[in-house]
Amino acid sequence: MNLKIATSWKNILKDEFDKPYFKELALFVKGEYSKHQCFPKGTQIFSAFNFCSFEDLKVVIIGQDPYHGVGQANGLCFSVADNVAHPPSLKNIFKELQSDVGKPFPKYGNLEAWARQGVLLLNATLTVQAHQAGSHQKQGWEQFTDAVISKISSEKTAVVFLLWGGFAKKKGRKIDAKKHCVLTTGHPSPLSANRGYWFGNKHFSKCNAYLKSKGLQPINW
């Protein structure tokens with residue numbers, strides 16, 4: 001596994017990288033990438049951390065797995081590479097963004113611009129085998145990303161956590177809601193959104209209102 005991760009995160013997560021479970025996870029991922037087509041590219045596994053430093057972090061969005069279709073995943077949850085069609089969940093994210101803050105529907109689904117402003121776009125599992133949803137779950141990634149959330153909760157203040165869907169809400173148990181802003185809603189997938197659990201949540205404007213209240217620069221969604 002390519003362990004190229006931004007220095008700020010490497011220092012914060014050093015103890016985690018030294019634990020036996022992570023070493024086993026690294027061997028598993030290395031084996032999977034050598035035997036199968038996996039996503040994202042090896043150099044993009046830690047993109048969420050490399051585009052958003054620990055110091056700059058203001059917002060956390062938690063996804064589940066990387067996209068498992070060819071050319072989609074780029075290491076940021078819900079995000080796809082330029083010139084890749086918007087997946088259904090991302091379409092619904094952009095629809096809510098449009099109705100909430102008036103942002104025109106983006107041409108591209110690459111969310112790097114969010115990450116560069118301090119939005120950690122974190123999947124619970126950072127790798128996946130092509131066309132096999134959930135194939136790298138329960139190998140250690142969840143323990144690692146739980147540790148990431150715990151570190152953010154304990155060592156930072158006034159972070160906005162956007163928890164979309166039941167899976168993200170479970171990860172949210174690691175968050176100290178007294179010192180952070182935790183916003184929850186349904187998942188943006190069509191199944192959830194069409195049942196009325198996504199649209200109208202206004203998370204983007206609520207997030208920025210909270211950041212402004214803490215004297216922080218809002219996100220240009």
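K91 counts as partly exposed because its relative accessibility is 40%, between the 20% cut-off for buried and the 50% one for exposed. Keep in mind as we go that this is a predicted model. You'll find K91 in helix α4, which covers residues 88-101. Skip its neighbours within four places in sequence, and K91 is in contact with H86 and F105. S189 also deserves a look here: it sits 98 residues away from K91 along the chain, yet 8.9 Å separates the two C-alpha atoms.

Now for the sheet. This one is open and has 4 strands, in the order β3-β2-β5-β6, with parallel pairing. At the edges are β3 (119-123) and β6 (181-185), each pairing on one side only. Ignoring direction, neighbouring strands here are turned by 20° against each other on average. Zoom in on β2, residues 59-63, and you can trace 5 bridges joining this strand to β3, the two running parallel. Within that pairing, I61 stands opposite L121 of β3. Packed on the sheet is helix α6 (residues 141-155), which touches β2, β3 and β5 (160-164). The direction of α6 makes about 155° with that of β3.

Last stop, the largest pocket, with a volume of about 370 Å³. Its lining consists of 23 residues, and those closest to the pocket's centre are Q64, D65, P66, Y67 and H187. Sorted by class, the lining comes out as 10 nonpolar, 12 polar and 1 charged residues.

Note on methods
Residues numbered from 1 in each chain as written. Predicted model: local features only at pLDDT ≥ 70, side-chain atom pairs only at ≥ 80, totals over all residues. Heavy atoms only, no water. Pairing = 2+ DSSP bridges. Axes fitted to C-alpha atoms, helices over the stretch in contact; angles between N-to-C directions. Contact = heavy atoms within 4.5 Å. 1 Å grid on protein atoms, 1.4 Å probe; cavity = no way out; pocket = protein on both sides within 12 Å on 5 of 7 lines; lining within 4 Å. Points joined across faces, edges and corners; volume = space filled by probe spheres on them. Nonpolar A, V, L, I, M, F, W, Y, C, P; charged D, E, K, R; others polar. Buried < 20%, exposed > 50% of the residue type's maximum accessible area, 1.4 Å probe, protein only.
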